[in-house]
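Subject: The structure we talked about, and some notes on it

Hi,

Here is the structure I promised to pass on to you. Have a look around in the viewer, then read on for what I found.

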Amino acid sequence: MSDASAPSVSDGRRPRVAFFDFTGCEGDQLQVINLEDRLLDLVEVVEVVSFREAMTEHGDDYEIAFVEGGVATAHDERRLTRIRENADIVVALGSCAAFAGINALRNDQEFETVKERVYGEDSDSITSYPIARPIDDVIEVDYEIPGCPIDREEFVGAVTALVNGAEPSIPNYPVCVECKFEENTCAFERGETCLGPITRGGCSATCVSAGTHCWGCRGMVDDPNEGAYTDVLEDHGLTTEEIIEEYQLYWNWQRDSRAVADGGNR
Amino acid sequence: MSHTVDVEGDLVTRVEGHGSIVVNVAEGDVETCEWHVVESPRYFESMLVGRSFREAHHVTSRICAICSVSHTIASLQATEAAMGVAVSEQDRRLRKLALYGETLQSHVLHLGYLALPDLVGEKSVLPLADTHPDELETVIDLHRLGNELTEVVTGRSVHAQRLLAGGFSQLPEESKLEELLDRLLNSWDAVAELADLLAVLADELPDFERETEYISLTHPEEYAFAEGSIYSSDVGEIPVSDYRDVANEYVVDHSTAKFARHERDSYMVGALARFNNNAEQLAPRATEIADRFGLAAPVHNPYLNNVAQLVEVAHLLAESVRLIEALLADGLAPQSDYRVPEIDPTAGSGIGAIEVPRGVLFHEYDYDEAGKVTAANCVIPTNQNHGNIQRDMETLVPTIVDRDAEEIEHTLEMLVRAYDPCISCSTHYLDVEFVGEER
């Protein structure tokens with residue numbers, strides 16, 4: 001995916017790492033904090049120079065930038081551009097950074113209406129962009145760790161790879177693969193619908209294992225067969241409108257970008 | 001002595017979300033003293049429009065990770081109120097347990113990771129691994145315990161699953177609840193250790209008092225978290241249906257975050273407000289800690305919100321023990337591992353109101369007959385506190401202008417952190433002009 005590299009452990013120095021948050025819920029950084037005592041192991045192998053949610057110190061000298069959240073304002077865009085200039089490797093942390101995630105749910109709504117609903121008569125003073133965007137719409141991104149929130153083990157695995165000069169390995173198989181390992185009863189067999197068949201795996205099917213269904217939070221796999229999957233949903237009784245709603249929850253940005261790549265055909 | 005101090009707009013660190021303080025003191029006069037909020041709008045209330053009642057909670061849990069269970073439960077309450085859905089006693093207990101777990105992890109995160117470094121003169125929690133290893137281990141253990149409470153009940157700690165309108169998709173295993181009970185009962189030494197540490201450091205907390213209006217929920221039978229009516233220290237009990245009259249949001253010239261007021265210019269929500277309004281209902285172990293710190297309601301020093309959080313840590317642990325014991329004594333009524341509570345959607349409006357780590361949270365939704373959201377309103381605690389932070393700063397700064405800039409900055413940063421603002425909950429933020437260094 002990228003030829004960017006940072007100093008690895010083999011160079012005898014801890015890579016300098018910075019965390020940044022943009023438009024999002026900060027749940028991915030919280031997952032890092034939720035490593036609990038393993039966070040202390042992490043700082044044995046990397047030097048954290050910036051992590052505003054957890055520390056006062058801040059340095060601009062870093063090799064790896066983990067960026068959480070999406071882009072909503074011109075200010076976000078300027079900040080991101082500087083981070084890209086400073087970092088050797090930029091990693092999108094979580095779905096909002098990687099593909100706009102749930103932030104893009106409003107992208108189909110008319111922006112004036114969106115502002116008016118939230119800010120009423122003060123909506124004129126809102127200066128955000130009319131749509132929510134992922135960070136790779138603004139800067140080049142080397143790696144993506146998807147998820148809402150990210151999976152802690154996947155994050156540790158990605159850091160381990162990066163400090164060893166390797167590439168993080170993110171699955172390109174659907175959630176269904178891990179769901180079967182978890183021995184869950186398939187949502188379709190229960191009379192529900194589920195986005196697992198074309199959602200990127202790597203989460204151990206956490207939501208299905210908790211008795212619900214896959215909501216699609218990790219984004220679509222590369223080259224999903226959306227057409228065939230849409231047929232499946234129709235066979236299970238979903239209307240076109242309901243299918244669009246399912247796809248909108250996390251995939252609005254991904255589907256729009258693919259539509260552009262296909263010359264406007266979805 | 002006259003001098004010029006210019007504390008300008010660096011982002012306050014170790015808070016959730018983005019805020020900055022602008023203070024300009026020229027020749028001993030305070031020219032500017034402003035609490036700015038810097039957060040990009042996310043428009044959740046609009047995102048919800050058109051979505052089904054089956055997923056409103058899933059969307060709103062993403063407002064804030066630290067309070068994801070809280071937003072989920074407030075959302076479910078609003079939906080259930082709109083459609084007249086009943087929740088069983090067992091499921092209400094389990095929801096409370098999830099909420100207590102989240103509040104516990106949030107309080108410990110704030111006390112241990114975000115506020116404690118101030119008190120021991122470090123810039124983050126990480127150096128504590130060398131300077132205070134035992135205390136750090138205690139903090140991490142308690143933080144983990146809070147997360148595990150939430151995980152056992154809801155399947156995971158950040159953006160919980162299992163919580164649905166009408167009940168749970170899946171129940172925790174009783175053996176897991178028993179394990180948790182053991183760990184909770186063995187956690188009192190850790191609480192005592194945390195209390196010891198804060199007691200040693202409590203002298204570092206600035207001695208500053210400003211009386212304000214304190215607003216929380218209140219409940220006749222318990223220290224209110226998961227249910228209750230609104231209570232104001234100025235006017236007493238207020239029905240939840242009047243929440244919009246309590247949280248009057250308004251725009252101020254100098255800052256672009258919305259502020260809120262009720263009886264006065266500003267009011268305070270959060271652990272200290274709850275303590276001031278409901279202290280008599282605390283568990284005995286929590287009262288012991290309050291007594292040790294000399295905390296007696298009403299308390300007018302906002303810095304003591306940290307101590308009120310510690311008191312609540314003890315209360316939450318004691319209440320979690322009580323809840324699990326009650327659940328185990330009654331035995332969990334069996335259900336499917338993939339339950340979808342039956343709900344016939346109806347048109348209507350409903351309000352959810354709960355106490356979350358940073359104060360009282362309201363969600364209100366209107367639904368059409370197909371069960372789709374037509375309008376949503378979410379009023380988060382941090383927004384309700386902005387006005388009070390501003391008024392505290394205006395009162396505090398003139399009393400400390402003769403100190404050097406660094407000390408003024410540190411004192412004000414500690415003030416902001418005492419409120420534990422969670423600015424990621426950006427349901428109502430306006431954009432702000434950025435001053436000072438960006439990062």
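How many helices and how many strands does chain B have? Chain B has 14 helices and 14 strands. Please keep in mind while you browse that this is a predicted model.

For the complex, the predictor reports an ipTM of 0.94 and a pTM of 0.93. Chain B has a mean pLDDT of 88, with 89% of its residues at 70 or more. In residues 1-6 of chain B, though, the pLDDT is below 50, and this stretch has 12 contacts in the model beyond near neighbours in sequence. Another stretch to treat with care is residues 424-439 of chain B, where pLDDT stays under 50. The model has 58 contacts for that stretch beyond four places in sequence.

**The sheet in chain A**

Now find strand E1 (residues 16-21) of chain A.

Four bridges link E1(A) to E2(A), and the two run parallel; here A:Ala18 has A:Ser50 as its bridge partner in E2(A). With E3(A), the strand E1(A) pairs in the parallel sense over five bridges, and A:Asp21 has A:Glu68 as its bridge partner in E3(A).

Moving along the sheet, strand E3 (residues 64-68) of chain A is joined by five bridges to strand E4 (residues 89-93) of chain A, again running parallel. Look for A:Phe66, which stands opposite A:Val91 in E4(A).

In soluble globular proteins, nonpolar side chains tend to be buried together. In this model the largest nonpolar core has 204 residues, and those with the most contacts inside it are A:Ala65, A:Val67, A:Val91 and B:Val311. Helix H4 (residues 89-120) of chain B gives this core its largest share, 13 residues. Domain 1 (9-163) and domain 2 (175-261) of chain A both give residues to the core, so it lies between them.

Which residues is A:Val91 in contact with, leaving aside its neighbours within four places in sequence? They are A:Ile64, A:Ala65, A:Phe66, A:Val67, A:Asp142, A:Tyr143 and A:Ile145.

**The two domains of chain A**

The C-alpha centres of domain 1 and domain 2 of chain A lie 25 Å apart. Their contact takes 16 residues from domain 1 of chain A and 12 residues from domain 2 of chain A. On the domain 1 side, helix H4 (residues 95-99) of chain A gives the most, with three residues.

Of the 439 residues in chain B, 58% are buried. Among its contacts between residues at least 6 apart in sequence, 73% join residues at least 24 apart.

Between the chains, 53 residues of chain B are in contact with 50 residues of chain A. Helix H1 (44-47), helix H2 (56-61), H4 and helix H6 (133-154) of chain B each give two or more residues to that side of chain B. The largest share, four residues, comes from H6(B).

One residue to look up in helix H6 of chain B is B:Val139. B:Val139 has 24 other C-beta atoms within 10 Å, and is therefore buried. Leaving aside neighbours within four places in sequence, B:Val139 is in contact with B:Val108, B:Gly112 and B:Leu194.

Enjoy exploring!

Best wishes

Note on methods
Residues numbered from 1 in each chain as written. Chains lettered and ligands numbered in written order. Predicted model: local features only at pLDDT ≥ 70, side-chain atom pairs only at ≥ 80, totals over all residues. Core = buried A, V, L, I, M, F, W, Y, C linked by C-beta atoms within 7 Å. Buried ≥ 20, exposed ≤ 12 C-beta atoms within 10 Å, placed from the backbone. Domains from an automatic or database assignment. Contact = placed C-beta atoms within 7 Å. pLDDT = per-residue confidence, 0-100. Pairing = 2+ DSSP bridges.
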